[in-house]
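I opened this notebook to record what I looked up in the structure, entry by entry. The entries follow the order in which I consulted the coordinates.

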Amino acid sequence: MKIEDLPLPEGVKAVISSSDISSLYPPQEDAIKAGALDGENLVLASPTASGKTLIAELCAMKHILEGGGKVLYLTPLRALTSEKYEDFKKYTAVRKGDGQRIQVAISTGDYDGSDPWLGKYDVIITTNEKCDSLLRHRPNWIRDVTLLVADEVHTLLDRDRGPTLEVTLTRLRETNPQAQILALSATIKNADEIADWLGATSITTDWRPVKLVEGVYLDGECQFNSGDAIRVRDENGNPAINFALHTLRSGGQALIFANTRRRAVAYAKRAGNAVKKILSKPESRTLKTIADQLSRTGERTRLSDLLANLVEQGVAFHHAGLAASHRKIVEDSFRRGRLKIVSATPTLASGVNLPARTVIVSDTRRYNPGYGLYDISVLEYKQMAGRAGRPRYDKIGEAVLISRTEDEQDYLMERYVFSEPERIWSKLAVEKTLRSHVLATVASGFTHTEEGLLDFFRKTFYAQQFDSDPIDELVSTVLEYLFVEGMLTVDGRHLEATRFGRRVSELYIDPVSGVIIRDGLENRPRHITDVSLLQLVCHTPDVVPKYYPRRREIEGLNAFVELHSDEFFFPTPGDDDFVEFESFLGEVKCVCVLDAWIQEVSEEGLIERFSVQPGDLFRLIRSVDWLLHATRDLTRLFGHKDLLQRLSALQLRVKSGIKENLVPLVALEGVGRVRGRILFNAGLRTLDDLKKASLTQLTTLPLIGPQVARRIKEQVGGFIKTEELDAFRQGEEWQQKVLSDFEGG
Ligand SMILES: Nc1ncnc2c1ncn2[C@@H]1O[C@H](COP(=O)(O)OP(=O)(O)OP(=O)(O)O)[C@@H](O)[C@H]1O
Ligand SMILES: [Mg+2]
């Protein structure tokens, strides 16, 4: 089916054609035939790279332009949200009936609000968690949603993220029963079952636009499921890298999946040595520019230095320890063909479009603390494999598993290459998970009776798949907990959330965190310091990541405990219960890291002292920032107003990683911990000092260029001489030119 024959406005077809798409892929055609554009609910289960997003785009245009509706697009990951945002942004060129352009928004930020500003957007792209939090505030604009897209719906299987998606979908089906649902999924065994649950038709295909062959490598040879085999030269001693180099020699790019961060780095290091020898001069020059850009972005650490060094050699690693800005540079450079080999942890496996001709899965075992080594699922393997051979980039894709023995080769062939992905099982029936969802259902006024609650949970995928008895029982247990902890009141059959319950639900924290904070505030230590408050929030289950103290850190942590024990909310447990003691020290480690961070220890210093990498630090800061916000809120509720100011200052310091005296300066846009400290040390300590400073005085300082200097002056006000401003304008033009030359190169 040609794009021009689609029953859609010309403007939409023009946008699609301009992105080089002239006809639909067969699975896309199937979806249209099954009524995708006529409001039918569909579950589309098709292989990776088969173009599921475009179907959602077409449907979205239909809803917006013909029905005047609104589209909500859910994804499981922030990174995927950005990619989908890019996909949809092209439609902002299209005008609606009222002459206004289509507007697309991305919403992943704070969890405590209904974000009324979203009301004016036609497409809202968000994560499942953010959507769950939005629904708790019952924003008015939800009523206008007429199309709901659930991308990567197989996420239902995920222990952590699945239940949120399940509850969110159940809830949206209640609030917007007329809305069309489009659920997009990888190939799975029970798409029908998910379709039954959603009142949808399932369409399953195994068509893929780019052929993907899968095979297992052993001793210099790879056997593919197509029956072919190829020999690979041993030029490196490492099978994964031998294979990647093989791809590179025939003009392709390779992606190696490693099961740990350390391995991902090791692969890149090893590959770098081999790749740099075969780079052309222009390639090396471009890579040098990218490496320089990387070094200039964010704080310099040994991790970013190492990465920049490898990038210069045409390779890179990619894992959650890297700062988001660095991960993006790696993804973009790989996409543009600059980087030849990237080794990544499986965080890169879901939904993203990367031009890898070859994907190498170096190990199918994964370590899980507490469980030990386990085999990854077929679904996870197929997701990784599916990054190979994406349309536009390659004619064929290949996915290769590495084996060490013949037995292992047979095993991998059977277990992964020739297997179908598993069934999706609901992970909802866990008390810990249900607490927050049961509370939200009452607190947001979706129901006020126990029967209402049971009814709601009987509409979940869990109840459809199993039986509703276990979930009924769990709901009752959870209700009792919420009642005992004062989050709900019961009057005959009527359930009502208390103010405490409502705030906990809206703040999007685990009810257990709410209880810990409330009780902590009641029994506080005599002497409350920043360390006390950090310990309070680090004790809650919402803080991520969780740390396990390393052996060499224990002495230092004990010394910290000794020094601060009278400031602690929670005393040191006896060391007879090892698990409890270890988790206590893990929390203390979080406190130590944050304390060092707000003492302005550099990111490099944090890596050295605690092995905490920038990406993890960022996640820790984000969750603690949120919990400090929540604590502040609850402090007001429970009448501990004396702590409000301290909490506000601490929250700002955690957010920016600064000592107290930088608080006024970092309030300015463009000024963070590093520039703030530079200004402060130069004697510019207050906004008033900055008001009096000249532009020239500012730009003589390191890291403060003409643009930043001007932004600062604009914010603080003050007088700028005309000649000075003219001179700076010229300086800015010059800088713009350098930047655009760089971007173009
Ligand atoms: N009809 C088409 N013609 C040409 N290219 C297309 C067509 N439809 C989609 N594409 C391109 O195919 C690529 C893969 O599409 P998409 O990301 O939607 O795949 P997907 O099915 O969602 O895969 P995954 O399961 O990995 O998320 C995109 O680059 C997209 O632009
Ligand atoms: Mg997709």
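**Entry 1. A parallel pair of strands.** I began with strand E5 (residues 145–150) and strand E6 (residues 180–185), which run parallel and are joined by four bridges. Within this pair I looked up Leu148 and found that Ile181 in E6 stands opposite. I note here that the model is a predicted one.

Entry 2

**Entry 3. The mixed sheet.** I next looked up an open sheet of eight strands, in which the pairing is mixed and the order reads E10-E9-E8-E17-E14-E11-E13-E12. Its edges are strand E10 (229–231) and strand E12 (315–318), both of which pair on one side only. The twist in this sheet averages 20 degrees from one strand to the next. I also inspected strand E8 (residues 211–218) and strand E9 (residues 221–224), and found that they run antiparallel with four bridges between them. For Val216, I recorded Gln223 in E9 as the bridge partner.

Entry 4. I counted 20 residues around the ligand, of which Ser23, Gln28, Ala49, Thr53 and Arg390 come nearest. By class, the shell residues comprise seven nonpolar, eight polar and five charged. Helix H3 (residues 52–66) gives the most to this shell, namely three residues.

**Entry 5. Polar contacts of ligand 1.** I looked up the N and O atoms that face the ligand, using a cut-off of 3.5 Å for a polar contact. A polar side-chain atom of Tyr25 lies 2.9 Å from a nitrogen atom of ligand 1. For Gln28, an N or O atom of the side chain is 2.9 Å from a nitrogen atom of the ligand. In the case of Lys52, a polar side-chain atom lies 2.9 Å from an oxygen atom of ligand 1. I then checked the cover: on its own, ligand 1 has 640 Å² of accessible area, and the protein covers 89% of this.

**Entry 6. Backbone details.** I finished with two loops. Which residues does a cis peptide bond join? I found Val544 and Pro545 joined in this way, with omega at about -10 degrees. Pro545 belongs to the loop between helix H21 (530–538) and helix H22 (554–564). I also noted Ser611, a residue other than glycine that has a positive phi, near 55 degrees. Ser611 is placed in the loop between helix H24 (603–610) and helix H25 (614–637).

How values were computed: Residues numbered from 1 in each chain as written. Chains lettered and ligands numbered in written order. Predicted model: local features only at pLDDT ≥ 70, side-chain atom pairs only at ≥ 80, totals over all residues. Heavy atoms only, no water. Near = heavy atom within 4 Å. Polar contact = N/O pair within 3.5 Å; in protein donor to acceptor, adjacent residues only side chain to side chain. Areas by Shrake-Rupley, 256 points an atom, 1.4 Å probe, with all protein chains shown as cover. Nonpolar A, V, L, I, M, F, W, Y, C, P; charged D, E, K, R; others polar. Pairing = 2+ DSSP bridges. Axes fitted to C-alpha atoms, helices over the stretch in contact; angles between N-to-C directions.
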